[in-house]
Amino acid sequence: MGLLSELIKGLRVTGGTMLRTISGKELVTTEYPKEMRGKPQRFHGRHVLNRYPDGMEKCIGCELCAGACPAKCIYVRGMDNDPAHPTSPGERYGYVYEINMLRCIFCGLCVEACPTEAITMTSLFEFSTTNRQDAIYTRDTLLMDERGNVPHMFPDDELADMDELNTADGWLRATAPAGVAAYEGIQMWQSTPGPADWAPEPTQEARDRRSTEDEPDG
Amino acid sequence: MSWPEFWIVVLRVVLTFGLLLVATIINVWAERKILADMQSRIGPNRAGPYGILQTVADGLKLFFKEAVTPRKVELGMYILAPFLAVIPAFLIFMMVPWGKPFMIGDHEVALQGADLNVGLLFILAMSSLAVYAVVLAGWSSGSKYPLLGGVRATAQAISYEAAMGLAMVSVVLFSATQGDGGTLSLAEIVERQSGTWGDLIPALEPVLRFIPRWNVIPQIVAFVIFFVAIVAETNRAPFDLVEAEQEIVGGFHTEYSGMRFAMFFLAEYVNIFSMSAIAATLFLGGWNGPTFDQALPGFVSALLPTVYFLLKTYVVVFLFFWIRATLPRLRYDQLMQLGWKRLIPGALGWLVLSTFVIAFRQFGAPWS
């Protein structure tokens, strides 16, 4: 009778699983295009070129991102700003900016290399295309407009979530850019693409006060 | 045979055939859905609501696919084998009464393909014949895996056919005591299971009148043996050594594709349904059940027996699926051990025991 009791034990496992699945307690499947799972905060998605709150482009065309890229998928050419109508606050601006998304490995090294936080990553990952040309993102597609809205390659697609493009890279949020622990949580770079809606950066005086308070030795 | 009788026969066969096909289509879908639930998955959900049209979609796909014929096959047998699988599968169900007979004018329409007076023997014959399809498919494919599958099928079918037959014999013997002499007609066996046990044993009437007079209650051991045997007969897990994907690719149907493969597939699911229907007929009282003739409108109480029959059959079909989701495949020697060392002695012992009890009840103790 050992055989029979083992059989019943096994049947209880599968039968119980069935009941729990039907009642929805054990069902783990997410029916992907219908329901989306939340993404981790530091998700590495498609890139975006940022602007300052006053509308100036952040990119200064220094090509450090292209140099840092291990997949060699970024191509940048800088151009001198027109002194009367500058595109960026610096001397030059990114006049050609291309990322080949088929080569990109989404490591985020370009974001780390950028001295002005001009390039950041969003959490968008649904950008499959049916031809290779569409996978090469140019300046027109990468750069946000003055309102902070990022162009979507396929705005009519049912998966296109425009809000997703406006979510900033978590790396910027979680780290004090200055690298000093005392500055953690203080907004020093604009971490969200688009016009800012937070309090202005603290003045140098306030910063000094804060650092001496936190570090009595210094 | 007059014309009305002829048309009634046609109607019976067409209705039975249609019921079997619809049930099979639902079975394939239900199995995938139930297995999915038992494995915390969703299962087919694209074609139609809850994926119920999945079988239709699969069937259409298989119908339009090329039926590849490998170079080394024995062509005649290779083409014949799928038909040999399908035809007995359908013929078995033709014996099963799936509803209460009703009247059109002054002609009685029995909801049953054909009521043979040797129905059970016919079923045994057909289920033995179905094995030929597997063996011939395995041999004629001219390839080693199908051959292995076919050889396994012969041994398996012989060992479990015996247990199934012996379990049936005890039911027939018992059923002979329930009416006027022995019978092999399924309609008659169902008829003898109507009512409750309260009618038979008046002393315990208040309790027993709620227990239906099904053969499963006195013949529970025969039912268990019969169920194991039909799982093995239909080559279902855990006895699916004939197909055994992990060991011998697809077994006997490795070299089949397109519509020819679909026919083997169809035969398997038709067999599940008709074997379950036979289990329900022999042991669970067939279409018997309370019909509430006075309380309900006429056509509802005429339909209820069919509903009871389908419910009972699907309980057995569900057991098939449940066991498939639970048990791993038996090894070949374990299969033989279970068949020859447990089931056949068990069935024989049960047969002897129930014969003694029946004889004792009928003739009294031999020493008196």
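**Exercise 1.** Determine what share of the contacts in chain A with a separation of 6 or more comes from residues 24 or more positions apart.

*Solution.* Two residues are in contact if their C-beta atoms, placed from the backbone, lie within 7 Å. Under this criterion, residues 24 or more positions apart supply 65% of the contacts in chain A with a separation of 6 or more. The model is predicted: local features need pLDDT of at least 70 and side-chain atom pairs count only at pLDDT 80 or more, while totals for chains, interfaces and linings use all residues. Residues are numbered from 1 along each chain as its sequence is written, and chains are lettered from A and ligands numbered from 1 in the order in which they are written.

**Exercise 2.** Describe the open sheet of three strands in chain A and identify the strands at its edges.

*Solution.* Helices (H or I, at least four residues) and strands (E, at least two) are DSSP runs, numbered from the N terminus; two strands pair if DSSP finds at least two bridges between them. First, the strand order is β2-β3-β5 (chain A), with antiparallel pairing. Next, β2 (74-80) and β5 (136-137) of chain A each have a single partner strand, so one side of each edge strand lacks a neighbour in the sheet. Finally, β3 (residues 92-100) of chain A joins β5(A) through two bridges, and Asn100(A) lies opposite Ile136(A) in β5(A).

**Exercise 3.** State how many helices and strands chain A has, and their sequence from the N terminus.

*Solution.* Chain A has seven helices and five strands. From the N terminus on, the elements follow the pattern α-β-α-β-β-α-β-β-α-α-α-α.
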